[in-house]
Amino acid sequence: MVILYPNHRGLAYGDGYMQSAGACGQFVKLVGNDLFAVNTDPEAKSFGVLIKDYKAGEMPGIFCMGGVYETDVHEGTINAGNDLKVSENGKLTAGIEEGDEIVARAISISSGTLKFRL
């Protein structure tokens with residue numbers, strides 16, 4: 001089961017449309033005027049994280065601008081304190097390299113659930 005739980009919610013944006021489908025916990029980028037797509041490029045700026053699953057053309061809910069969240073949508077080995085970027089699948093991952101955009105910081109990870117701040 002995919003979870004994205006807002007422990008301390010930041011600003012949420014709920015306008016615009018999805019260019020293509022996106023899943024809860026994936027990060028999105030702005031690709032046009034109020035048009036979003038899943039961000040699969042760690043060097044591209046992310047707008048925020050999807051609140052739930054959305055189909056192409058739907059108006060998404062996106063957590064952005066801070067907050068603390070818990071999710072099981074992540075990849076690779078992540079440790080508390082790691083800076084996080086988006087993976088090629090639009091999920092959180094560690095391993096920041098030169099040119100990568102940092103989108104979050106890991107607070108803790110336990111039983112496959114990652115707590116992070118935007």
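## Close-up views of charged pairs and cysteines

**View 1. Lys85 forms a salt bridge with Asp100, with 3.0 Å between the closest N and O atoms.** A salt bridge here is a side-chain nitrogen of Lys or Arg within 4 Å of a carboxyl oxygen of Asp or Glu. This pair links distant parts of the chain: Lys85 sits in strand S9 and Asp100 in the loop between S10 and S11, 15 residues apart. Strands (E, at least two residues) are DSSP runs, numbered from the N terminus. Both Lys85 and Asp100 are buried; that word means under 20% relative accessible area, while exposed means over 50% and partly exposed lies in between (1.4 Å probe, protein chains only). Please keep in mind that this is a predicted model, where local features need pLDDT of at least 70, side-chain atom pairs count only at pLDDT 80 or more, and totals for chains, interfaces and linings use all residues. Residues are numbered from 1 along each chain as its sequence is written, and side-chain values use heavy atoms, leaving out hydrogens and water.

**View 2. Asp83 and Arg105 meet through their side chains in a salt bridge (2.7 Å, N to O).** Here, too, distant parts of the chain are linked: Asp83 belongs to strand S9 (residues 83-86) and Arg105 to strand S11, 22 residues apart. Asp83 is partly exposed, at 24% relative accessibility. Arg105 is also partly exposed, at 33%.

**View 3. A salt bridge joins the side chains of Lys45 and Glu101 (3.5 Å, N to O).** The two residues are 56 apart and link distant parts of the chain, with Lys45 in the loop between strand S5 (35-38) and strand S6 (48-50), and Glu101 in the loop between strand S10 (92-93) and strand S11 (104-110). How accessible is Lys45? Its relative accessible area is 60%, so Lys45 counts as exposed. Glu101 is partly exposed, with a relative accessible area of 25%. Side chains of opposite charge can pair when their charged atoms come close. Searching the whole structure gives three salt bridges.

**View 4. Now for the cysteines: the count of disulfides is zero.** A disulfide would be a pair of cysteine sulfur atoms within 2.5 Å. Cys24 is in no disulfide, and the nearest cysteine sulfur, that of Cys64, is 15 Å away. Is Cys24 buried or exposed? Cys24 counts as buried, at 12% relative accessibility. Cys64 is likewise in no disulfide, and at 5% relative accessibility Cys64 is buried.

How values were computed: Helix = DSSP H or I, 4+ residues; strand = E, 2+ residues; numbered from the N terminus.
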